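Please read it alongside the sequence and the structure shown here.

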Amino acid sequence: MSDWFSLRHLKSSGEIGRTRTRCQISEIREKVTRNGKPYYDLVLRDAEDSATLKVWSDNPAFAAVSAMRRGEFVEVEGEWSTGDYGLECRDWNVRRLEAREAAAVLAGSEDLRARQAKDGEDIDEFVASMRDPRLRTLCRWFLDEFGERFRRTAAARDYHHARRGGLVEHVAQMMRSADALCSVYPAVNRDLVLAGVLFHDAGKLWENTFGENDFTMRYHEAGELMGHITIGMELINRLWRDLMENEEAEVWRELEPSNERVRLHLLHLVASHHGELAFGAPVTPRTPEAMLLHFVDNIDAKLEMMFRGYETSPELDHNVLERVRPLPGRLVRPLEHLHFVDPADEEEAAGKSSGTDEEEPTPGGK
């Protein structure tokens, strides 16, 4: 039997056979069948996905699940497969994890840990590369003060990067895209765009954050009453006030553009990043930086949904998959990259391997 697999891996693998997964119990819903027999909906979550198992009263695991509570970390071993109703498991059993095992589950798979660590490093490097000392310092202060919370926040509740650490992935990829586009459009203020990327969803630290030791995305009163755009703008203003009271700010008073205009334009990027009033933006993009940020945000969110859909959506017919909402239609598998080998290169490689190339004479004719 192989080592344990993540829920996302199981969902994308089809008939995987008997193996194990480790995750956290998100919910245990006690229900009753039409015949009056009790059963449970066991909702499991890990760092990247979730799944629901039916625990019927005749299941050997029924008694064990009855004694478990929400928030416990468990290992489920059984015959895993994907069917019409998603991920399924037959002939399974469950056990509680030890503390060290639970800590490994909370940190995510090796691939996820490596990817998010690289994303965090890239964000730090992009911030360090900013030439505007005001924006560079503001971003650094945010990461220093809220970095731990930032690293366990999702970029969305349902649609894209909806996982622990998803916001770090979203911001890093947006920064890479924005940086590339700024090189194509040099008139765009790169520092402002990168700062806008970092702060555009900063309010989600109070809207889509996970608990310190679980995979449950909390609901927050501030997030419900104000929303992440308003919270993000308030956060910028608070950090900006502190920044301007710092001794370092004395040398910035004569800079152009002025401190006040920099603050105002950064606020506009956060306020307008949804692009349209109908989508919750208080104002539509009015500057090149705001327009670029809006589209980079939209591109990364939509492509994340598509790539994830290719892994998890049921195939309806050859190369056609079930729709992933809110994308506008059913997914179609993309065209593969061309695998082309130049015949001249093949001939050269064949000549080298057969040793038919003539050797150049050595000095002295030897």
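The structure holds 37 salt bridges, a salt bridge being a side-chain nitrogen of Lys or Arg within 4 Å of a carboxyl oxygen of Asp or Glu. This is a predicted model, in which local features need pLDDT of at least 70 and side-chain atom pairs count only at pLDDT 80 or more, while totals for chains, interfaces and linings use all residues. Residues are numbered from 1 along each chain as its sequence is written, and side-chain values use heavy atoms, with hydrogens and water left out.

**Salt bridges**

- Lys31 and Asp41 meet through their side chains in a salt bridge (2.8 Å, N to O). Because Lys31 lies in strand β1 and Asp41 in strand β2 (residues 38-45), the pair ties together parts that are 10 residues apart in sequence; helices (H or I, at least four residues) and strands (E, at least two) are DSSP runs numbered from the N terminus.
- Lys31 counts as partly exposed at 32% relative accessibility, whereas Asp41 counts as buried at 4%; buried means under 20% relative accessible area, exposed over 50% and partly exposed in between, with a 1.4 Å probe and protein chains only.
- Asp49 and Arg308 also form a salt bridge between their side chains (2.6 Å, N to O), and this pair links distant parts of the chain, with Asp49 in the loop between β2 and β3 (50-56) and Arg308 in helix α10, 259 residues apart. Asp49 is buried at 12% relative accessibility, and Arg308 is buried with a relative accessible area of 17%.
- In the salt bridge of Glu145 with Arg238, the closest N and O atoms are 3.0 Å apart. Glu145 lies in helix α5 (residues 133-150) and Arg238 in helix α8 (residues 221-244), so the pair ties together parts that are 93 residues apart in sequence.
- A network of salt bridges links Arg8, Glu48, Asp111, Arg115, Arg163, Glu169, Glu304 and Glu311.

**Pockets**

- The largest pocket has a volume of about 1300 Å³, where a pocket is an open set of points on a 1 Å grid over the protein atoms alone, with protein on both sides within 12 Å along at least five of seven lines, and lining residues have an atom within 4 Å of a point.
- Of the 43 residues that line the largest pocket, Lys11, Asp49, Ser50, Asp158 and Arg308 lie nearest its centre. α10 gives the most to this lining, with 7 residues, and the lining divides by class into 13 nonpolar, 13 polar and 17 charged residues.
- The second largest pocket, with a volume of about 660 Å³, is lined by 22 residues, of which Tyr159, His160, His274, Ala301 and Lys302 lie nearest its centre. Here too α10 supplies the largest share of the lining, 6 residues.

**Enclosed space**

- There is 1 cavity of 30 Å³ or more, a cavity being a set of grid points where a 1.4 Å probe fits but cannot get out. The largest cavity holds about 40 Å³ of space, and its lining includes Trp4, Arg22, Asp46 and Glu48.

**Surface patch**

- Met291, Phe295, Ile299, Leu303 and Phe307 form a nonpolar patch on the surface, with about 480 Å² of accessible area together; patch residues have over 30% relative accessible area and no salt bridge, like charges being joined within 9 Å and nonpolar side chains (Val, Leu, Ile, Met, Phe, Trp, Tyr) within 5 Å.
- Phe295 is found in helix α10 (residues 288-312) and counts as partly exposed at 45% relative accessibility.

Notes: Accessible areas come from the Shrake-Rupley method with a 1.4 Å probe; for residues, only the protein chains shown count as cover. Grid points are joined across faces, edges and corners, and a volume is the space filled by probe spheres set on the points. Ala, Val, Leu, Ile, Met, Phe, Trp, Tyr, Cys and Pro count as nonpolar, Asp, Glu, Lys and Arg as charged, and the others, Gly among them, as polar.
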